[in-house]
Amino acid sequence: MNDRFNDDKNSAMFTRPMTRRVFIGGAMRSLLSLSLAGILSPIKKIFASPAIDARYIRQIVSDDDTTGRTIMWHSSGHSSALHLDWREPDAKREHRVDATDDYFVDDGESVFIHSSYIKGLKPGHTYEYAISTEGGKSPWYTFRTDDGQSMKAIILSDSQCADDYATWSRTVSDAVKYMPDADALMVLGDLVDNGEDSYQWRRWFDMLTGIAERMTLVPVMGNHECYDIHWGNRIPAAYLNFFDVPGNGSTRFPRYYYSFDYGPIHFVVLNNCFEELDALRGGLLAEEMEWLRADLDETQQKWRVVLMHRDIIDYDASPLKIESFAKKFAPIFEEGHVDIVIAAHIHSYRRRPRLKNFHRNKAGIIYINDGIAGDQHLVPPLFPWDEVTAPKPETTNYMTLEATMDALHFQCVVPGKGVVDDFTVKK
Ligand SMILES: [Fe+2]
Ligand SMILES: [Fe+2]
């Protein structure tokens, strides 16, 4: 069994406040269990589906996506025969790798979770995978390994919703329709509105059915992942368990931050939830700064892109000001030749000029704030650097990235309105 992240404060004997949604959800669950136990059992026997016990099947970014891929999924219980099978498309010869069989308790529920790593693949090749349990085998899903030369990504943020994640579903579906061949689906934090609410996580994953099986998920931790059901702060147990992202060598903050290569880019995923985490587990900023310096120093990739949740500007402050963590990270970004920093959190698309030491400079870094993929609209005022933004009132939007050795091409797309920003970076 793998190490799973349990938040002791919240994992045992937790009593959840009875909201309308919780009440209806509970009533439906009771009805369903009654139905399955009694009324529906004869029907179930006749129409029994061969579907196996695996849901939220997803690709997760791994240490090396040119030769491997991490696949994860949920189930409703332990299994004695869990595997992942993979093959070249339609090939007769299949390969088999083991899967973990873990569970953790959160929001008063046991979550059974499985993870498998396929390795030894060829770069730039298409493969298929299927989940195998004692109950049978899932359909075959397709994935393509990174060729190390080019890549395409959809970048979404703040998918948190209060409408059962219908808005998230519409935004991500529009994005996938716009860029159906994206390699990666990056979500820059505040995936859910409440990081302990298991119902919200289920809805979030539900809306990725048919997408996460074939696109690599790149998650970033946001402040809302760190909220408990009473809106206090907590160690984000659900987030940490749901995404087996690449290791960062940390024993104190594993999976909180990480880096990986895809195509010609070295991506760094930073964690800047200091406000939520510092009192629970201190030392994140200092550890991360040291790691970041070494990480950027080591990479040979032509392009360097940083993804993080909180923006460099504190829009809650009056007057608006640059965040103190941004002042600490910026010199390391500059020394490490970072090209672009993409943040989120303010629920509004903003593109700034190139900045060096937070002054306009043609040799500086481009700071962007990705917009909003959920329904929580709270558009802050414009900062003088916010030279490009989405049309107001701002509706959901997302970014796309097409990367080659020569250029990074970004767009900001507003569903129903089309492309509202389009720029290319060369060096
Ligand atoms: Fe947010
Ligand atoms: Fe946020």
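What covers the buried residues of helix H4? The cover includes strand S10 (151-156), helix H5 (198-206) and strand S23 (398-403). The model described here is predicted.

Helix H4 spans residues 166-178 and has 13 residues. From its first C-alpha to its last, H4 reaches 18 Å, close to the 18 Å expected at 1.5 Å a residue. The buried residues of H4 are Thr 167, Trp 168, Ser 169, Thr 171, Val 172 and Ala 175.

An open sheet is built from ten strands, in the order S5-S6-S2-S1-S12-S11-S10-S23-S24-S25, and its pairing is mixed. At the edges are strand S5 (102-106) and strand S25 (418-426), each of which pairs on one side only. On average, neighbouring strands of this sheet are turned by 30 degrees against each other, direction ignored. H4 packs on the sheet and touches S10, S23 and strand S24 (407-414). The direction of H4 makes about 160 degrees with that of S10. Strands of a sheet pair through backbone hydrogen bonds, either parallel or antiparallel.

**The nonpolar core**

The largest nonpolar core has 114 residues. Those with the most contacts inside this core are Ile 154, Ile 155, Ala 184, Met 186 and Leu 307. The core draws at least three residues from each of domain 1 (55-144) and domain 2 (151-426). In soluble globular proteins, nonpolar side chains tend to be buried together.

Which residues is Ile 154 in contact with, leaving aside its neighbours within four places in sequence? They are Ala 175, Val 176, Met 179, Ala 182, Leu 185, Met 186, Tyr 398 and Thr 400. Ala 175 is also one of the buried residues of H4, and Met 186 is among the residues with the most contacts inside the core.

**Strand S3 and other pairings**

Strand S3 (residues 83-87) has side chains that alternate between two faces. Leu 84 and Trp 86 point to one face and are buried.

| S5 (102-106) and S6 (residues 109-118) | five | Val 105 and Ser 110 |

**Backbone features in loops**

The bond from Ser 318 to Pro 319 is cis, with omega near 0 degrees. Pro 319 is found in the loop between strand S16 (313-314) and strand S17 (321-322). The bond from Lys 392 to Pro 393 is also cis, with omega near -5 degrees. Pro 393 lies in the loop between strand S22 (388-389) and S23, and S23 is part of the cover over the buried residues of H4.

Asp 190 is not a glycine, yet has a positive phi of about 55 degrees. This residue lies in the loop between strand S11 (184-187) and H5. Is Asp 190 buried or exposed? Asp 190 counts as buried because 26 C-beta neighbours lie inside 10 Å, and the cut-off is 20 or more.

His 345, another residue other than glycine, has a positive phi near 80 degrees. His 345 is found in the loop between strand S18 (340-343) and strand S19 (350-356). With 24 C-beta neighbours inside 10 Å, His 345 counts as buried.

Definitions and conventions:
Residues are numbered from 1 along each chain as its sequence is written. Chains are lettered from A and ligands numbered from 1 in the order in which they are written. This is a predicted model: local features need pLDDT of at least 70, side-chain atom pairs count only at pLDDT 80 or more; totals for chains, interfaces and linings use all residues. A nonpolar core is a set of buried Ala, Val, Leu, Ile, Met, Phe, Trp, Tyr and Cys residues joined through C-beta atoms within 7 Å. A residue is buried if 20 or more other C-beta atoms lie within 10 Å of its own, exposed if 12 or fewer, and partly exposed in between; C-beta atoms are placed from the backbone. Domain bounds come from an automatic or database domain assignment. Two residues are in contact if their C-beta atoms, placed from the backbone, lie within 7 Å. Helices (H or I, at least four residues) and strands (E, at least two) are DSSP runs, numbered from the N terminus. The expected span of a helix is 1.5 Å times one less than its number of residues. Two strands pair if DSSP finds at least two bridges between them. Axes are lines fitted to C-alpha atoms, for helices over the stretch in contact, and angles run from 0 to 180 degrees between N-to-C directions.
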